[in-house]
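Subject: Structure for your review

Dear colleague,

Please find below the structure that I am handing over to you. My notes on it follow directly after.

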Amino acid sequence: MEKKQIEALFLGHAIGDALGVPVEFRGREELLADPVHEMRGFGSHPVPAGAWSDDTSMTLALAESIGRLGCLDLADVMENFRKWMDEAAFTPTGEVFDMGRTCGLAIYNFKQGFSPVECGGRGEGDNGNGSLMRIAPMVPYLYAKYGSRLPDEALEEVHDVSSLTHAHPRSQMACGIYVLIAVRLLDGMGLEDAIKDGLAEAHDRYRENGRFRGEVETYHRLWDTAAFRALPLDGIRSSGYVVDTLEAVLYCLMTTKSYADCVLKAVNLGEDTDTVGAIAGGLAGLAYGLGAIPKEWQDALLKREEIQKICASFAEALHHL
């Protein structure tokens with residue numbers, strides 16, 4: 001695992017996020033008439049072109065903690081989330097302009113003294129995409145510890161990190177699916193095989209786990225990858241519901257052939273454009289490499305150097321695991 005791979009993951013994520021920020025909440029028909037082709041500013045949020053949202057802020061908060069400590073410390077991660085919410089740490093513009101209800105409540109719970117894994121929402125209505133959007137740093141971290149074939153304890157670490165804000169098994173499972181696919185990409189497997197193989201492993205492992213068995217059917221459209229890829233675009237939803245988000249991300253990856261095409265397709269689906277763009281962008285960054293991310297988008301990204309510093313510290317910490 002090279003530092004460039006980590007940069008491809010994090011910068012790919014942040015750029016997909018930034019492309020989606022100006023058109024968040026816009027409908028698909030509106031974007032069909034005026035699609036995103038490049039960085040924009042001052043659209044849905046009062047921030048300039050290249051600004052990323054809570055998706056990347058919370059991702060960097062997790063990565064910075066691991067890079068600084070050389071390990072996963074859930075309380076320290078939550079403290080970084082608090083700094084983001086209260087002090088606008090890890091933001092591109094010095095302000096928090098987008099925060100989900102479930103994430104905000106979880107951070108409030110932490111400030112009230114809850115243990116980290118007890119902070120997240122556990123109800124069926126707490127299955128937004130707020131843990132999936134920030135799970136990316138767990139991929140290189142767990143790969144450094146275990147390699148591409150993750151043991152059960154690795155998945156439990158993923159579930160714990162999800163539980164910081166989203167503790168329902170459905171959200172935990174989405175994070176697990178993401179990680180099982182992404183570690184294969186990090187290991188050099190081709191995109192199509194990584195998705196197919198990762199989904200097959202996720203299906204088998206979660207079906208055998210009593211805590212998650214009841215959620216396997218929730219993701220039923222993903223288990224037959226050929227049928228899923230063949231769905232028409234209007235069969236894909238791009239809302240903030242975690243199942244919709246994961247499906248939209250994987251559909252964009254499976255039906256495009258480049259980083260740029262993937263993230264633009266993701267953003268132009270509409271609705272939760274920044275999050276779908278961010279998650280798709282991170283995985284596409286891993287799949288196609290840093291050099292495949294358009295230079296003009298990298299140059300337009302706000303505080304790119306700060307993201308790269310976190311990448312460097314994170315990569316250095318992983319060498320010592």
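The loop between α4 (74–87) and α5 (101–111) contains F90. The model is a predicted one, and in it F90 has a positive phi of about 60 degrees although it is not a glycine.

F25 lies in the loop between α1 and α2 (28–33).

I turn next to two pairs of helices.

Helix α6 (residues 138–146) packs with helix α7 (residues 152–163) at an angle of about 155 degrees, and their axes are 11 Å apart. Because angles over 145 degrees count as roughly antiparallel, this term applies to α6 and α7. The crossing of α6 with α7 is right-handed. On the α6 side the contact involves M138, Y141, L142, K145 and Y146, which meet E153, A154, E157, V158 and V161 of α7. Sorted by class, this contact has seven nonpolar, no polar and three charged residues.

Within α6, the residues M138, V139, P140, Y141, L142 and Y143 are buried. The buried residues of α6 pack against α7, and also against α1 (3–20), α3 (54–69), α8 and α16 (304–318). After α6 comes G147, with a positive phi near 85 degrees.

The other pair consists of helix α8 (residues 169–186) and helix α9 (residues 191–207), which pack at an angle of about 140 degrees with their axes 8 Å apart. The two helices are therefore oblique to each other. Their crossing is right-handed. Among the residues in contact are M173, I177, L180 and R184 of α8, together with A194, I195, L199 and A202 of α9. By class, the contact of α8 with α9 has 11 nonpolar, three polar and four charged residues.

Finally, may I draw your attention to helix α12 (residues 242–254). How many of its residues are buried? The count is 13 of the 13, so α12 is largely enclosed by the rest of the structure. At 1.5 Å a residue, the 13 residues of α12 should span 18 Å, and the end C-alpha atoms are 18 Å apart, which agrees.

Yours sincerely

Notes. Residues are numbered from 1 along each chain as its sequence is written. This is a predicted model: local features need pLDDT of at least 70, side-chain atom pairs count only at pLDDT 80 or more; totals for chains, interfaces and linings use all residues. Side-chain values use heavy atoms; hydrogens and water are left out. Axes are lines fitted to C-alpha atoms, for helices over the stretch in contact, and angles run from 0 to 180 degrees between N-to-C directions. Helices (H or I, at least four residues) and strands (E, at least two) are DSSP runs, numbered from the N terminus. Angles under 35 degrees count as roughly parallel, over 145 as roughly antiparallel, 65 to 115 as roughly perpendicular and the rest as oblique. A crossing is left-handed if the near helix is turned anticlockwise from the far one by less than a right angle, and right-handed if clockwise. Contact means heavy atoms within 4.5 Å. Ala, Val, Leu, Ile, Met, Phe, Trp, Tyr, Cys and Pro count as nonpolar, Asp, Glu, Lys and Arg as charged, and the others, Gly among them, as polar. The expected span of a helix is 1.5 Å times one less than its number of residues. Buried means under 20% relative accessible area, exposed over 50%, partly exposed in between (1.4 Å probe, protein chains only).
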